[in-house]
Amino acid sequence: MLTLNPWITAIEEEGAFAVLDKALALKARGAPVINLGIGQPDFPPPAHVLDAAARAARDGPHGYTSPVGIPPLREAVADHLNARYRIAVDPDQVVIVPGGKVTFYFACLLFGGPGAEILYPDPGFPPYRHAIGSGGATAVPYPIREERDFGFDADEILSLITPRTRLLMVNSPANPTGGVVAKGELERLVAGLADHPHVAVLSDEIYSHLVFEGADFASLTTFPEIADRLILLDGWSKTFAMTGWRLGYGVWPKPLVEHVRKLITVDHSCVNGVAQMAGLAALTGPMDEVRRMAEVFAERRTLVVDGLNRLPGVTCRMPGGAFYAFPNVKGTGMGSRDLARRLLDEVHVALVPGEGFGDNGRGFLRVSYAASTGEIEEALGRMAKFLAEHSQPVG
Ligand SMILES: Cc1ncc(COP(=O)(O)O)c(C=O)c1O
C-alpha cells in the first residue's frame, strides 16, 4: 500500500479544468458545445510578441537564465509598474516565474507551517485554498459579498486576524466574480492592518488591465503603508492573452527575494528564455492590442449581463473587471452544480458551478465571456429555452 501526502489527496480538481475536459470530450463526439467555462482570452498574443518569441527561439537565450529572470525583463516589469502607478519598484524586487500561480504558491510556502493561518477570499480562485494547505497553514476564508458587488468588507477581514495569521490574500479584479474592490474599502483595510504588523499581504492583480468604466480599482502597490509587507502578483496570461506561455511575475519585499530564489532553484530553476523574451517585447512594445481586447470585453460584458438578467430566476450584478460574470441562479429552483451539469449535457453550454469557488459560491454560476459575440448570443438563447422549460421559479 502506497502512502501519499494527505494534502495532495485532498485537492479537488479546479472546476474550470474539469468542465473544459468534459466540454472537449463532448465536442470531439460532435456536440455543438459553446465553452463559457474556461478563463482565458480568445485572442492570439500581439504580433510583435510572437515575432520576438520566434527570434528568441532561433537566437536564444537557450540555457538556464538567472532563477529570478533575465535582468532586462525584471527592469521592464519595474519600469512598467513605476510608470503605471507612480511607485518606486526596484528591479531587484521582481521575480519572474512560470505563470501567475507560482507567486501565490511560493507565498503560501514561505508563510506556511504548522499553526499558521492564511486568509483567502470565498468565493475565490480555487488553487488559493490548496496552495495554503500545501504550505501547512490553515486556510481561513473571508466572504466576498454579492450585495457589495462582489467586494469585501474590510472590517470583516480584520476581525478574522489572529496572532497566528501570517498572510492575507486579496484578488481584485476577481475570479470568479469579476468584482473590483473599491478604493475606499482598500483604504479601510490598509488602515486596519496598521494594528497587525505581523500580517503580510498578497495582492493578486492578474486582471488589472481588465477594469471597466465606472469601477473604482486601485492597486495595493499604491499604499506605501504596507509596501514592506506586500507581494504583488501579476503576469502576462490575461493581459497579453498568453495563458499557455506560463509567464508571470511577483514583486516581493526585498528581504524575501533570496528565499523565493532558493525555492525556484528547488522547483523549476528558471523560466524558459523564449517566454522571457516574448514577455519583454510585450511590456516594452505598443499596448494597442491590450486596449483593444479590453474594449471587446467591455462590449461583451454588457451583452452577457443584460442577457443573463433576462433569464427566468437569474439575476446578475455588473462586474467591474476581468472577463467573468457571476449570476445568482437561486431563483431557478435548481442547484448550481445540477444546473451547470444539465446545461452542458442537454444544451451544450459549458459554465462552472459557483460552489467550486467556495461555500459562498453556492447558488451562482461563473460565466466566462472569453467567447465571440455570436457564441455568447447563441449560449444565452439555449439557456433561455432550457430555463423556460425546466426552471421552477422560487419566491
Ligand atoms: C485570480 C487568478 N490568479 C492567478 C491566475 C493564474 O494565472 P496563470 O495562468 O498565469 O498562472 C488566474 C488564472 O485563472 C486567476 O484567475
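An oxygen atom of the ligand lies 2.7 Å from a polar backbone atom of Gly100. I call such a pair a polar contact, meaning two N or O atoms within 3.5 Å; within protein, one must be able to donate a hydrogen and the other to accept it, and residues adjacent in sequence count only if both atoms are side-chain atoms.

Before I continue, a word on the source. The structure is a predicted model, in which local features need pLDDT of at least 70 and side-chain atom pairs count only at pLDDT 80 or more, while totals for chains, interfaces and linings use all residues. Residues are numbered from 1 along each chain as its sequence is written, and side-chain values use heavy atoms, with hydrogens and water left out.

Let me return to the ligand.

How many residues surround the ligand? There are 13, and the closest are Gly100, Asp204, Tyr207, Ser237 and Lys238. By class, the shell holds four nonpolar, five polar and four charged residues. In this scheme Ala, Val, Leu, Ile, Met, Phe, Trp, Tyr, Cys and Pro are nonpolar, Asp, Glu, Lys and Arg are charged, and the others, Gly among them, are polar.

The ligand sits in the largest pocket. A pocket is defined on a 1 Å grid over the protein atoms alone, as an open set of points with protein on both sides within 12 Å along at least five of seven lines. To sit in a pocket, a molecule must have more than half of its atoms within 2 Å of the grid points.

The bond from Gly60 to Pro61 is cis, with omega near 10°. Pro61 lies in the loop between helix 3 (47-59) and helix 4 (71-85). Helices (H or I, at least four residues) and strands (E, at least two) are DSSP runs, numbered from the N terminus.

A cis peptide bond also joins Ser172 and Pro173, where omega is about -10°. Pro173 is in the loop between strand 5 (165-171) and helix 8 (183-193), and Ser172 is placed in the loop between strand 5 and helix 8. Is Ser172 buried or exposed? Its relative accessibility is 7%, so it counts as buried; buried means under 20% relative accessible area, exposed over 50%, and partly exposed in between (1.4 Å probe, protein chains only). The side chain of Ser172 also reaches the backbone nitrogen of Val181 at 2.9 Å.

Next, positive phi angles outside glycine. Arg86 has phi near 50° and is found in the loop between helix 4 and strand 2 (94-97). Arg86 counts as exposed because its relative accessibility is 75%. Ala241 has a positive phi of about 55° although it is not a glycine. Ala241 lies in the loop between strand 7 (230-235) and strand 8 (248-251), and with 9% relative accessibility it counts as buried.

Ala76 is in helix 4 and is buried, with a relative accessible area of 7%. Between Ala76 and Asp92, 16 residues apart in sequence, the C-alpha separation is 12 Å. Ala83 is also found in helix 4, yet at 62% relative accessibility it counts as exposed. Ala83 and Val97 are 14 residues apart in sequence, with 22 Å between their C-alpha atoms.

I close with two residues later in the chain. Glu295 lies in helix 11 (residues 288-309) and counts as exposed, at 52% relative accessibility. How far apart are the C-alpha atoms of Glu295 and Val211? They are separated by 10.0 Å, although the residues are 84 apart along the chain. Ala371 is in the loop between strand 12 (365-368) and helix 13 (373-390) and is buried, with a relative accessible area of 2%. Its C-alpha atom is 15 Å from that of Gly381, 10 residues away along the chain.

Methods:
A residue is near a molecule or strand if one of its heavy atoms lies within 4 Å of it. On a 1 Å grid over the protein atoms alone, a cavity is a set of points where a 1.4 Å probe fits but cannot get out, and a pocket is an open set with protein on both sides within 12 Å along at least five of seven lines; lining residues have an atom within 4 Å of a point.
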